[in-house]
Amino acid sequence: MAHSATATAHMAHAGHHELGFVRTYIFSTDHKMIARQFLFLGLFMMIIGGLLALIVRWELAWPETPIPGLGMFLPETGGAIEPSAYNMAFTMHATLMVFFVIMPILAGSFGNFCIPLMIGARDMAFPFLNMLSFWVTGSAGLIMLSGFFVDGGHAAAGWTSYAPLSAVTSYTGVNWGQNIWCISLFIMGVGSMMGSINYITTIINMRAPGMSLFRMPLVVWSLFITAILLLLALPVLTSAAAMLLFDRVLGTSWFNPSGGGEPLLWQHLFWYFGHPEVYILILPAMGIASEILPVFSRKPIFGYHAMAFSMIGIAFLSWIVYGHHMFVSGMNPKLGLSFMITTMIIAVPSAIKTFNWLGTLWGGRIQFTVPMLNALAFVSMFVIGGLSGIFMASTPVDIYIQDTYFIVAHIHYVVFGGSIFGAFAAIYFWFPKMFGRMTNPALGHLHFWPTFVFFNGTFFPMHILGVGGHMRRIYNPTQYEFLQPLQHWNVFITVSALLLGVAQIPFVINFFWSLFAGKKAPANPWNSNTLEWTAPSPPPHLNWGAHVPTVYRGPYEYSSPESKDDFLPQTVPPTPARARAGRH
Amino acid sequence: MLNWWLPENVSTYGGEIDRLFHLIYWITGGTFVLVFVTLLVFLVVYRDRPGRQARYTHGSTPLEIAWTIVPALILVVLTFLSVPAWSRIKMQMPPTDIVIQVTAKQFNWQFTYPGPDGKFGTADDKTMLDEMHVPTGKPVRVNLRSQDVIHSFFVPQFRMKQDAVPGREIAQWFEVTKPGKYELPCAELCGFGHSGMKAWVYVHTPEEYAKWLAENVNVARAAAEEKPAGEAKKDEPKAETKTRGKAK
């Protein structure tokens with residue numbers, strides 16, 4: 001350890017002046033630059049994924065009418081969306097948002113940024129592999145985007161790509177689009193494996209002196225657990241994607257019953273990956289909230305150990321709940337019962353976390369900064385997403401609400417209300433450290449409040465549609481008599497969704513304006529305890545000067561009687577007098 | 001109550017599903033109110049004001065044990081309450097003499113009645129396109145099949161949903177309590193014609209159903225006796241498929 005520390009310190013001096021533009025900004029091995037790259041990748045993809053969602057929403061509110069502005073791209077229909085294009089739009093919306101927005105931003109960007117800085121490491125364990133991870137993921141993203149330009153259009157079998165719809169070209173008319181989908185996810189899976197190995201190794205081996213596992217900030221815990229889930233879950237997806245590709249181009253029949261294959265095998269593989277994936281998307285956001293709530297409540301996190309252990313519990317249980325996606329799939333109904341039990345149990349650690357977050361606020365001194373508002377939105381929206389999940393966990397109720405808009409509402413409360421608000425919270429919170437400049441709080445409020453209002457306007461009524469029986473993935477709800485009385489909700493939702501899109505403009509302005517003209521950030525703008533705030537903003541290459549920090553205490557010592565300030569950084573050594581005062 | 005948004009239930013087991021739905025609605029609704037009121041009160045009471053000192057505490061073991069055990073108990077109870085309905089709907093098959101072969105394909109539903117001989121695969125089978133007729137007051141067994149991709153048999157008012165998976169036959173049942181005409185949409189994405197893939201379920205009183213059966217399924221027997229075996233049933237669905245090509 002000591003040896004490698006001096007070796008890297010040596011490298012710091014050697015490397016500082018020699019890195020050119022390409023090695024600094026493009027093929028960088030610095031974890032902070034890679035974090036920025038992942039952030040830009042995710043935000044860019046979020047624009048595309050968001051526009052696709054608006055296309056879907058337009059179609060549902062005003063079916064088969066031309067979409068303003070789309071006429072120049074679709075001259076043959078005058079801007080109206082055809083059923084196959086509609087299927088492509090929601091398929092790619094979900095694919096991009098899950099694999100190229102939330103994963104790159106939460107796991108890719110904040111994983112890279114936070115882990116070394118918060119455990120007191122100078123960089124990742126394998127900096128070159130880290131760089132490779134970004135470029136492999138980035139290439140996968142480019143390959144995925146190329147699918148929009150091939151003959152037959154992009155994949156249109158849903159992000160779940162259920163076989164045999166996805167396995168046989170003639171069923172959808174999509175040929176290379178679906179192949180590209182498989183190839184891209186295969187490559188993305190390889191990239192994420194590189195990242196996850198790196199995260200796990202770094203956290204286990206490269207913590208600063210004194211940084212025991214239970215002195216780690218909870219966001220590092222969450223990223224550690226996420227990395228383990230990534231390492232174990234993504235290979236299942238990559239294998240399944242390869243098998244699907246083989247079915248499509250080599251004539252194997254893994255999933256196609258006409259050749260002796262089994263359609264449900266795809267679902268088992270997909271959801272065996274897919275359910276841990278949901279926790280991959282939400283765990284880092286839980287970590288981020290656990291980081292931000294104590295800082296702006298000026299209070300220690302409530303129940304640190306329960307928070308860490310509940311995440312471990314979620315991680316374990318996430319492997320044995322996946323069958324709840326398949327209650328009406330034709331899977332043996334007895335199996336449905338066991339998956340119902342595990343699914344009910346996994347709600348318990350989520351409940352523990354929610355109550356502990358409330359406990360953190362209790363008796364605090366709450367400061368409503370922009371990151372705090374987003375973190376509070378995360379907590380409250382995650383509560384709704386978690387509670388609506390209980391409906392689906394009950395197998396008889398799931399018979400009715402499976403494949404309806406209730407599920408769409410649920411998943412968006414978890415991955416938008418949860419993960420995306422978590423991502424916004426993280427961006428506003430760490431922006432000063434990441435880019436060395438403060439964001440504009442007025443623009444931040446102008447972004448947060450409309451986003452929060454229109455998010456609920458968009459997704460809450462979807463519960464009502466789902467309870468009314470409104471199916472997912474239908475092109476034109478007015479084709480069904482029983483849905484016609486609900487159509488006004490579709491219009492309401494679409495108007496909210498359009499406004500939700502408009503509400504992101506202040507974010508884009510704020511982001512780029514602050515990047516170049518924001519107020520210079522001090523090292524510790526939020527009076528926070530964790531190690532990243534002991535480095536300059538932005539941290540230099542290898543993060544700290546001659547010595548990495550030494551850790552003396554846990555990460556959440558706010559308003560401690562040991563200190564006259566309301567915060568006590570992890571690096572401040574206990575003085576004998578303070579140690580004595582603390583014991584009383 | 002929620003009845004204004006759940007469609008009317010017309011099946012014998014739908015009531016059990018609705019009862020569970022309402023139970024979960026009240027439990028989650030109560031939790032929602034509890035959490036949000038607490039959250040809002042905390043945000044107002046503990047907001048940053050001059051002179052306010054935050055409480056220095058790392059947690060409370062009794063409280064944490066309480067909010068682990070209480071949700072766990074509620075969820076376990078909910079699980080056990082869900083088991084009987086699930087087992088009745090999906091794991092048991094009531095004895096019945098009304099069996100209908102349901103075959104899904106892009107983008108239609110075919111309903112085959114066994115005809116007077118009560119057997120499938122014989123010349124007197126009668127196949128209807130996008131139209132199913134069943135009586136009230138008797139369990140109806142449907143054997144779900146698919147010819148191409150996965151489809152899903154969904155009748156909102158019956159509270160019934162089951163995927164039809166190619167390569168296997170899945171037997172399901174329902175018993176309707178109220179005559180009427182109900183929509184049967186496909187609930188699983190099945191391609192570009194997924195939206196609009198639907199059938200109508202005509203639910204008759206037992207007498208009307210007997211009449212319908214005599215007029216429609218027995219006609220098939222008469223036709224089959226006149227024509228060479230097997231011809232009558234094969235031509236019909238194909239001819240009707242053509243008329244429904246709107247999805248393209």
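Q: How many residues does the contact take from chain A and from chain B?
A: The contact takes 90 residues from chain A and 79 from chain B. Keep in mind that this is a predicted model.

Q: Thanks. How much area do chain A and chain B bury between them?
A: Together, chain A and chain B bury about 7,500 Å², and 71% of that is on carbon and sulfur atoms.

Q: And how many salt bridges count between chain A and chain B?
A: There are two salt bridges between chain A and chain B. One of them pairs B:Asp48 with A:Arg365, whose closest N and O atoms are 3.1 Å apart.

Q: What about polar contact, how many residue pairs are there between chain A and chain B?
A: The count is 29 residue pairs in polar contact between the two chains, with both residues at pLDDT 80 or more.

Q: Which elements of chain A supply at least two residues each to the side that touches chain B?
A: They are α4, α6 (169–172), α9 (263–297), α10 (304–317), α11 (333–361), α12 (370–393), α13 (395–401) and α15 (441–467) of chain A. The largest share of that side comes from α11(A), with 16 residues.

Q: How does the side of chain A that touches chain B divide by class?
A: That side has 54 nonpolar, 26 polar and 10 charged residues.

Q: Which residues are closest to the centre of the largest cavity?
A: Of the 15 residues lining the largest cavity, A:Phe38, A:Met103, A:Ala107, A:Gly108 and A:Ser192 are the closest to its centre. The elements of chain A that give two or more residues to this lining are α4 (83–119), α5 (127–146) and α7 (176–205).

Q: Which element gives the largest share of that lining?
A: That would be α7(A), with six residues in the lining of the largest cavity. By class, the lining has eight nonpolar and seven polar residues, and no charged ones.

Q: And the second largest cavity, what volume does it have?
A: The second largest cavity has a volume of about 30 Å³.

Q: Now the backbone. Where is the cis peptide bond with omega of about 0 degrees?
A: That cis bond joins A:Ala163 and A:Pro164, and A:Pro164 lies in the loop between α5 and α6 of chain A. Another cis peptide bond runs from A:Ser537 to A:Pro538, with omega near -10 degrees. A:Pro538 lies in the loop between α17 (505–517) and α18 (576–583) of chain A.

Q: Back to the loop between α5 and α6 of chain A: what is the place of A:Ser161, and what is its phi?
A: A:Ser161 is in that loop, and its phi is near 45 degrees, a positive value in a residue other than glycine.

Q: Last one: which residues does A:Val168 touch, not counting those up to four places away in sequence?
A: A:Val168, also in the loop between α5 and α6 of chain A, touches A:Arg248 and A:Asn256. The C-alpha atoms of A:Val168 and A:Val249 are separated by 9.5 Å, with the two residues 81 residues apart along the chain.

Notes. Residues numbered from 1 in each chain as written. Chains lettered and ligands numbered in written order. Predicted model: local features only at pLDDT ≥ 70, side-chain atom pairs only at ≥ 80, totals over all residues. Heavy atoms only, no water. 1 Å grid on protein atoms, 1.4 Å probe; cavity = no way out; pocket = protein on both sides within 12 Å on 5 of 7 lines; lining within 4 Å. Helix = DSSP H or I, 4+ residues; strand = E, 2+ residues; numbered from the N terminus. Nonpolar A, V, L, I, M, F, W, Y, C, P; charged D, E, K, R; others polar. Points joined across faces, edges and corners; volume = space filled by probe spheres on them. Contact = heavy atoms within 4.5 Å. Buried area = accessible area lost by both parts, 1.4 Å probe. Salt bridge = Lys/Arg side-chain N within 4 Å of Asp/Glu carboxyl O. Polar contact = N/O pair within 3.5 Å; in protein donor to acceptor, adjacent residues only side chain to side chain.
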